[in-house]
Amino acid sequence: MNTTVVNTGTEEKTWGGGKEPLKASYGKMMMWFFITSDALTFTGFLAAYGFSRFKFAEIWPIADDVFTHVPFIHGNYPMIFVAFMTFILIMSSVTMVLAVDAGHKMNKAKTTVYMFLTVLGGLVFLSSQAWEWNTFIKGDFGAVSTHGGNIIQFVDTDGNRVALKDFAIAQPTERTQHQNKNGLWFADEKPLTSFTYEEVVAGFEANPNILVKTTYSDENGHKTILDRNESLKELKTKGKTVVEGANLTHNEYGPPLFANYFFFITGFHGFHVSIGVLLNIIVFFNVILGTYERRGSYEMVEKVGLYWHFVDLVWVFVFTFFYLV
């Protein structure tokens, strides 16, 4: 029996069964599919944040009051460090573009340099984000939580935040943290705060120049500062416990929901950046070893570049939602 082989003319194509969609290789097309699906995931997260942000707009923290720290510099510098992080990540996207362009020209030396700069930018961003998380978790001023779950902050007569350690009156106590290794085998207790609620009240009463700043915003979008009499009434009638820093259960800057979104969304983005840095490192060493020169194509640099640009673009939206709106 004779067998007839029919040549379709597509056997040499990257996609053996027909034409290449959009003239893209299989790897690039799959990267675009992944980016599209991941973009929908981030869209859902940011949309949820947006709904919560505007539903609780009156008590939502103001970014300029929260992100005010700069490493190694003491003072109040709203958004400066976050702007630095954003600049670094955007510049790493620029170096990635240059690396892809150098790869198209089969220029190994320039591709190596620009890939190294991209990796360096990613590592600086991740280190900066880790420092920001650590600062956010530890807190700086402390506050008092009310029975209704809101936050009472403390300011001087000029409206500047005052830390609990600057006015609270410490009282002798033998209170220790309950731990399962210390007799209560069935339960652990969260770490004790630096001061008790009673110590904060005593210090507040002894310092007439300190006022209460509520989490409620006025018509100008600023948090309401009460006069001295109202401050004393607010603290004594509504105050409950001392709050220091932020985590998934409490937040000295405002409602815990803000901290939950902050940790989840920025953490999810940071995870993507970490994966991107790892991929860039792998590609960087392959460039040095001449892997792509032997293949006759630097397409892998371009595919990783697509992912890196996506990560940078997502940060632009995260930055806008969390820090600017």
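Me: Contact means heavy atoms within 4.5 Å. Leaving aside its neighbours within four places in sequence, which residues is Gln153 in contact with?

Reply: In this predicted model, Gln153 is found in strand β2, which covers residues 151-155. Once its neighbours within four places in sequence are left aside, the residues in contact with Gln153 are Ala143, Arg161, Leu211, Val212, Lys213, Glu252 and Tyr253.

Me: Is Gln153 buried or exposed?

Reply: The cut-off that matters here is a relative accessible area under 20%, which is what buried means. Gln153 has a relative accessible area of 7%, and because that value falls under the cut-off, Gln153 is buried.

Me: Which element supplies the largest share of the lining of the second largest cavity?

Reply: The second largest cavity, with a volume of about 80 Å³, is lined by residues that include Gln153, Arg161, Lys213 and Tyr253. Two elements give two or more residues to this lining, namely α2 and β3 (211-217). The largest share, three residues, comes from β3.

Me: How many residues in the lining of the second largest cavity are charged?

Reply: Asp65, Arg161, Lys213 and Lys223 are among the residues that line the second largest cavity. By class, this lining divides into four nonpolar residues and three polar ones, while the number that are charged is four.

Me: Which element gives the largest share of the lining of the largest cavity?

Reply: About 100 Å³ of space lies in the largest cavity, and the residues that line this cavity include Val66, Trp131, Phe136 and Tyr253. Helices α3 (80-104) and α4 each supply at least two residues of the lining. The largest share, four residues, comes from α4.

Me: How many residues in the lining of the largest cavity are nonpolar?

Reply: Among the lining residues of the largest cavity are Phe67, Phe81, Val82 and Glu132. The lining of the largest cavity has one charged residue and three polar ones, and the number that are nonpolar is seven.

Me: How many residues apart in sequence are the parts that Tyr49 and Phe322 tie together?

Reply: The structure holds 35 aromatic pairs. One of them, formed by Tyr49 and Phe322, is tilted, at 4.4 Å centre to centre with 40° between the planes. Since Tyr49 lies in helix α1 (residues 26-55) and Phe322 in helix α9 (residues 299-324), the pair ties together parts whose separation in sequence is 273 residues.

Me: What is the relative accessible area of Phe322?

Reply: Tyr49, the partner of Phe322 in a tilted aromatic pair, counts as buried at 1% relative accessibility. Phe322 is likewise buried, and its relative accessible area is 2%.

Me: Is the aromatic pair of Phe136 and Tyr253 stacked or tilted?

Reply: Both Phe136 and Tyr253 are buried. Phe136 lies in helix α4 and Tyr253 in the loop between β5 (239-243) and α7 (256-289), so the pair ties together parts that are 117 residues apart in sequence. The ring centres are 5.2 Å apart with 10° between the planes, and because planes under 30 degrees apart meet the cut-off, the pair is stacked.

Methods. Residues numbered from 1 in each chain as written. Predicted model: local features only at pLDDT ≥ 70, side-chain atom pairs only at ≥ 80, totals over all residues. Heavy atoms only, no water. 1 Å grid on protein atoms, 1.4 Å probe; cavity = no way out; pocket = protein on both sides within 12 Å on 5 of 7 lines; lining within 4 Å. Points joined across faces, edges and corners; volume = space filled by probe spheres on them. Nonpolar A, V, L, I, M, F, W, Y, C, P; charged D, E, K, R; others polar. Buried < 20%, exposed > 50% of the residue type's maximum accessible area, 1.4 Å probe, protein only. Phe/Tyr/Trp six-rings, centres within 6.5 Å; stacked < 30°, edge-to-face > 60°.
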